[in-house]
Amino acid sequence: MAEKLISVSNLNVSFDGKAVLDDVTFDIESGDILAVIGPNGAGKTLLLKSILGLNKNYSGEVVWHQRPETSYVPQKINFDKDFPLTVKEFFLLEIGGRSSFWLPTPDIVGEIKKRLQEVKAAHLINERLGTLSQGEMQRVLIARSLLENPKLIFFDEPASGIDVGTEETVYNLLHELYLKNNLTMVLVSHELNIVYRFATKVICLNKNLICQGLPSEVLNPQTLHKIFGHHAGVYKHEHKEQGLGVSD
Amino acid sequence: MILFDNLNLIIMGLALGLSLPLIGVFVILRKQALLSDALAHVLLLGIALSLALKINAAAGLFIFALAAGVAIFFIKDKSRVNLDAVVGVFFTASLAVSSLLIPSEELLETFLGNLENIGRGDVAVSVVLAGFIIVALLGRFREFAFAAFAPDLAQVDRLKVKKYELAFMLILALGVAVGIKLVGTLLVSALIIVPAASAKIFSRQIRAMAVWSMLLGLASAITGLIYSLKLATPPGPTIILAGSALFFLVFIFHSLFKIHS
């Protein structure tokens, strides 16, 4: 029996009287790869932010039973694209002590390079953050989240803006790390085939919780229709295993 | 002899020229360039109230600066109005009250700085505060930068982001307050922003920008003081003019040669 890490109970979030999340209840257990799926505006990002304490404007309960080393990959970060901050410095904001921000040791630089290497982005280490493309930025954010060996990682659409080949690499890397480091992952994704292949649990969100359970059980045409409306359908994936997807 | 006669002014100019631009790095990082300008006008109310209540002007100004810093932080935190709008409201209201309370000749002095009766006390306060600003911002540079650049990521990394936001607001308010004596409320933001803006033009790294901001601030102060003593012009505006000249030189030089640091 896996240990409970986080319990979300009766979570409600509303803005200006309009419910964005309505009575959402589920648990995150250690070892889960929990995929959160739902259409745009379903409250997926807000759910992640509420769990992480970045949104405090909610009613209901979010209980962390343990506090493992946690990291977060947001969809994007807003910053002045002209501001001088290199990829290396962006990483140094997180790792190492105070003095190592000014004069990082070879060990720390080595760790940064290794993480960037894993997402095929080692060449970006001295680039200014503002000059990166969306896909490069996404890879940098993923590499950054792997610093300091986190045990729990929240990904908000980790593959948005990444080309298909790199996306495959990213998910394979995440899966490899998951198996090797005993990770727990919470993953917001639009990619139903990815969810189908990698997730151990799915929750479907469209303001309220529409389904939760094993991907093979809950990802059926009826549920998808409920979440995504009439555009949702089922298609056979090109890989050997059968996949599900949203087809327009 | 001219140096010795103006020792107080020179020490104050160098201390502030070195320290205030470091605040500017974070002001630019936070995209709050207008904030320091507006804050200076909010602090005008501190001077006005000190005059009206007949308390020590410097003490009144610093107490008011800290109170304004805390007030702006909390209003921003609790309301959904953006920071520029909040400070804008404070700014216009305090400017209106101050112009009613401060006699017109003194109003001009507070606008452009008043260095005629700079005392040892003023110099000591400037040096201590400049030292405090440098130690606080350089010592905790990583934390201040992380909280400003990516607050969500910093919070997940268990950095107390709100604490650093409040601390920065107080440092900015103190920096503005101490700069007002030297260059006045109208020009103090230039002392904070211009050297950092110049450094931003050619810096690729935030660390380089911080170091160059301080060096350019110091260079503006030295150049401004030299010309002010030589030409007998008021030091405040002369220092700011030197800073602006450096900005344009850096801009032209960089446009021609594209050198990065």
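This is a predicted model: local features need pLDDT of at least 70, side-chain atom pairs count only at pLDDT 80 or more; totals for chains, interfaces and linings use all residues.
Figure 1. Of the 261 residues in chain B, 51% count as buried. That leaves a surface to look at too: chain B exposes about 11700 Å², and carbon and sulfur atoms supply 72% of this area. If you box up the C-alpha atoms along the principal axes, you get roughly 50 × 45 × 30 Å.

Figure 2. What is chain B built from? It has twelve helices and zero strands, so there's a radius of gyration to check against the globule rule: the value is 18 Å, close to the 18 Å given for 261 residues, and chain B is therefore as compact as a globular protein of that length. Read from the N terminus, the elements go α-α-α-α-α-α-α-α-α-α-α-α. Of the contacts in chain B with a separation of 6 or more, 77% come from residues 24 or more positions apart.

**Figure 3. Charges on chain B.** Chain B carries 19 positive and 13 negative charges.

**Figure 4. Helix α3 of chain B and the residue after it.** This helix covers residues 33-53 of chain B, which makes 21 residues. From the first C-alpha to the last, α3 of chain B reaches 32 Å, close to the 30 Å expected at 1.5 Å a residue. Next up is B:K54, the residue that follows α3(B). Its phi is positive, near 55°.

Figure 5. Is B:S228 buried or exposed? Its relative accessibility is 5%, and because buried means under 20%, B:S228 counts as buried. Which residues does B:S228 touch once neighbours within four places in sequence are set aside? The contacts are B:T233, B:P234, B:P235 and B:T238.

Figure 6. Chain A has nine helices and eleven strands. Its radius of gyration is 19 Å, close to the 18 Å from the globule rule for 248 residues, so chain A is as compact as a globular protein of that length. The C-alpha atoms fill a box of roughly 55 × 45 × 40 Å along the principal axes of chain A. Among the 248 residues of chain A, 53% count as buried. Take the contacts in chain A between residues at least 6 apart in sequence, and 64% of them join residues at least 24 apart.

**Figure 7. The surface and charges of chain A.** The accessible surface of chain A is about 11200 Å², with 47% of that belonging to carbon and sulfur atoms. On the charge side, chain A has 25 positive and 30 negative side chains. How far apart are the centres of the two sets? They lie 1 Å apart.

**Figure 8. A close look at A:G43.** This glycine is found in a loop of chain A, between β3 (33-37) and α1 (44-51). With a relative accessible area of 8%, A:G43 is buried. Leave out the neighbours within four places in sequence, and A:G43 is in contact with A:V20, A:L21 and A:L205. The view also takes in A:E157, which sits 114 residues away from A:G43 along the chain. The C-alpha atoms of A:G43 and A:E157 are separated by 13 Å.

Methods
Residues are numbered from 1 along each chain as its sequence is written. Chains are lettered from A and ligands numbered from 1 in the order in which they are written. Side-chain values use heavy atoms; hydrogens and water are left out. Buried means under 20% relative accessible area, exposed over 50%, partly exposed in between (1.4 Å probe, protein chains only). Contact means heavy atoms within 4.5 Å. Helices (H or I, at least four residues) and strands (E, at least two) are DSSP runs, numbered from the N terminus. The expected span of a helix is 1.5 Å times one less than its number of residues. The radius of gyration is taken over C-alpha atoms; the globule rule is 2.2 Å times the number of residues to the power 0.38. Accessible areas come from the Shrake-Rupley method with a 1.4 Å probe; for residues, only the protein chains shown count as cover. Lys and Arg count as positive and Asp and Glu as negative; His and the chain ends are not counted. The place of a charge is taken as NZ of Lys, CZ of Arg, CG of Asp or CD of Glu.
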